[in-house]
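I opened a new entry for this structure. I want the confidence, the fold pattern and the strand pairing on one page.

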Amino acid sequence: MPLYDFKCNSCRKTIEVFQGFYDGTPVCCEDNMVQCVSLWAHTPARWGDSHEYFDVGLGKTIKNAAHKDQVMKEMGVRPVSSSEIADEQQSIYSENKQHEKEVSVFNDALNRTNDVTAAIATAFPHKEMAQE
Ligand SMILES: [Zn+2]
């Protein structure tokens, strides 16, 4: 259930409410408070600090951000950086491109020679084929 921040335009007080706990907008200084959309960004972290969840990757129930840091330290793991994810994606992309190229070379060679063994040798010159 998401938290929302509301601000009173008269006294400048801000409060947090769970949507559903209130019917309509909270009232302060005899007027409706204004929902602060700009404060939304900070709520997930705060929210995460007060709600346990099961982390599939770690295989453990995580209580908060500090607990997650501690668990990861104990397990000797660390978060994957976005650059590592980008590198991995680039690597998969390159492998796919390489595979497409090999298939293309293989098909060309097969069309030319009508010889599967020769086509394999042409398309995969560095791979150890037919080692039976
Ligand atoms: Zn007020």
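My notes follow, starting with confidence.

**Confidence.** I am working with a predicted model. I looked up the mean pLDDT of the protein and found 78. I also noted that 78% of its residues reach 70 or more. Next I asked which elements mark the two ends of the range. Helix α1 (residues 43–48) has the lowest mean pLDDT, 47. Strand β3 (residues 27–28) has the highest, 90.

**Elements.** I listed four helices and seven strands in the protein. Along the sequence I read the pattern β-β-β-β-β-α-β-β-α-α-α.

**Sheet.** I traced an open sheet of three strands, in the order β2-β1-β5, with antiparallel pairing. The edges are β2 (14–18) and β5 (34–35). Each has a single partner strand, so one side of each is left without a neighbour in the sheet. I reminded myself that strands of a sheet pair through backbone hydrogen bonds. Then I went through the pairing of β1 (residues 3–7) with β2: five bridges, antiparallel. What is the bridge partner of Asp 5 in β2? I found Glu 16 there.

**Burial and contacts.** I looked up how many of the 132 residues are buried, and the share is 2%. Last, I took the contacts between residues at least 6 apart in sequence. Of these, 19% join residues at least 24 apart.

Terms used. Residues numbered from 1 in each chain as written. Predicted model: local features only at pLDDT ≥ 70, side-chain atom pairs only at ≥ 80, totals over all residues. Pairing = 2+ DSSP bridges. Buried ≥ 20, exposed ≤ 12 C-beta atoms within 10 Å, placed from the backbone. Contact = placed C-beta atoms within 7 Å. pLDDT = per-residue confidence, 0-100.
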